Amino acid sequence: MRLRRLRLRNHRNYAQLELSPGPGINVFIGPNGQGKTNLLEAVAMLALSSSPRARREVELVGPVGPASRIEAEVETGGSRRELAITLDVEGGRARRTIEVDGARRRAVDLPGNFRVTLFWPDDLGLVKGGPELRRRFLNQMLVQVEPGYARAIAGLRRVLEQRNNLLKRIASGESGEDMLDPWNHELVKVGSEIVEARAKAVRELEPEAARCHARIASGESLEISYEGPPENLAEAVNNSLAEDLRRGTTSVGPHRDDLKVMLDGHEARSYASQGQQRTAVVSLKLAEAALIRQRAGERPVLL
C-alpha cells in the first residue's frame, strides 16, 4: 500500500498543495499551526471517507472559496487508483462527492480502496476516555477490511435516528407502539452484523496487542475483550421498550458497546498511569496495523 501523489485544494489552511511522498518513511517538520495534522487528516479521509476529527464537514473547507478537494493516486495490490473527495458548501452545509478512478461512488464504497492506521492525538483517550472512542477505533479499522461494515454502520445511524424520533412520538401519544416493529427488526439485523464483526476483530487483535505490549512495556500484560449487547439482541430490544420510551432513546444495541482494556489484571481505565496509557494505545495501534495487513494482504499506510 502506497500513497504516490497527493493534491489538496482549499483544504483547511492549504490553498494549494502538490506532494509526491517517497516509498519509505516520510517526516513532516514545522512549527505548530502550519498544517501537519491537516495533511494527515486529508490522507486519512481517503481511507475512511470522512474526517477523523471534524465535527462538521464545512470546517474542512478553507477560506479561498466555497469548495475544497482532495485528490490522490494510490498503489494497492499491484495496481494504481485515483481517489478524490470534493466538498461544496451550500447554505452553511458541505455536500460531499466521492470519486474512484473518475467514477462517482457512495461514501460507504470508498473504504477498502486505500488503507491506513492512524495515530491521532485523540487516540490517547482510547484507554481512559469514554466508550465512544473505543467504538470509533474498531469502526475505523473495520470499514477498511470488513466487506459491508461501512454500510452496516450507516444503516445503524439511520435506524437509531428513526427509532429515537418514533420513541418520542409514542411517548407523546402521536404514534402507536406497533410502529416500532420494523425499526426493531432493522436494529437487530444491522446490530447483529456489527456485533459479529467487532467480536471477531477483537479476538484477532487480542494476541497481537498482548505480544506488542509485552515487548514495549517490560513484560506488562495487556488484555482486551469485547463488551457487546446481550446475546439475544432481539429479546433485549423488546425488553428495553419501557426504558426506551421513558428516556426517548435506544438503550440497547452496538452503539452502547465497549472495548475493555486490562493491564496486569486491572482495568486500565481506572488503573493506568499516563505512561501506561500511551504504551497501551501504541500496542493497540500496532495490532490494528497487523490485522489490516493480515486481512488485506499488504501493510497499511501508517500516519
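Contact here means that heavy atoms lie within 4.5 Å of each other. The structure is a predicted model, in which local features need pLDDT of at least 70 and side-chain atom pairs count only at pLDDT 80 or more, while totals for chains, interfaces and linings use all residues. Residues are numbered from 1 along each chain as its sequence is written, and side-chain values use heavy atoms, with hydrogens and water left out.

The contact rule can be applied to Ser51, which, apart from its neighbours within four places in sequence, touches Glu41, Met45 and Leu60. Ser51 is placed in the loop between helix 1 (36-48) and strand 3 (67-76); helices (H or I, at least four residues) and strands (E, at least two) are DSSP runs, numbered from the N terminus. With a relative accessible area of 13%, Ser51 is buried. The term buried stands for under 20% relative accessible area, exposed for over 50%, and partly exposed for values in between (1.4 Å probe, protein chains only). Asn38 is 13 residues from Ser51 in sequence, and the two C-alpha atoms are 9.9 Å apart in space.

The protein chain is assigned domain 1 (2-116) and domain 2 (123-298), with bounds that come from an automatic or database domain assignment. Their C-alpha centres are 26 Å apart, and 13 residues of domain 1 are in contact with twelve residues of domain 2.

The interior can be considered next. A nonpolar core is a set of buried Ala, Val, Leu, Ile, Met, Phe, Trp, Tyr and Cys residues joined through side-chain atoms within 4.5 Å. The largest such core has 82 residues, and those with the most contacts inside it are Leu6, Leu8, Leu46, Phe114, Met141, Leu205 and Ile224. Helix 5 (residues 181-216) supplies the largest share of this core, twelve residues. Both domain 1 (2-116) and domain 2 (123-298) contribute at least three residues each to this core. In soluble globular proteins, nonpolar side chains tend to be buried together. For Leu6, the contacts beyond four places in sequence include Leu17, Leu19, Leu39, Val43, Leu46 and Ile70, and also the charged residues Glu18 and Glu71.

In one of them, Arg7 meets Glu18 at an N to O distance of 3.2 Å. Arg7 belongs to strand 1 and Glu18 to strand 2, so the pair ties together parts that are eleven residues apart in sequence. Arg7 is partly exposed at 24%, whereas Glu18 is exposed at 52%. Glu71 pairs in turn with Arg9, the closest N and O atoms being 3.6 Å apart. This pair links distant parts of the chain, with Glu71 in strand 3 and Arg9 in strand 1, 62 residues apart. Glu71 is buried at 15% relative accessibility, and Arg9 is partly exposed at 32%. Arg4, Arg5, Glu73, Glu75, Arg80 and Glu82 are joined in a network of salt bridges. A further bridge, between Glu193 and Lys189, has its closest N and O atoms 3.5 Å apart; Glu193 and Lys189 are separated by about one helical turn because they are four residues apart in helix 5.

Arg12 has a positive phi of about 50° although it is not a glycine. Arg12 sits in the loop between strand 1 (2-11) and strand 2 (14-19) and is buried at 19% relative accessibility. Ser218 likewise has a positive phi, near 55°, in a residue other than glycine. Ser218 lies in the loop between helix 5 and strand 8 (222-227), and is exposed at 76% relative accessibility.

Another loop residue is Pro147, found between helix 3 (131-145) and helix 4 (149-171). Pro147 is exposed at 74% relative accessibility. Its C-alpha atom is separated by 9.6 Å from that of Asp109, 38 residues away along the chain.

Key: Salt bridge = Lys/Arg side-chain N within 4 Å of Asp/Glu carboxyl O.
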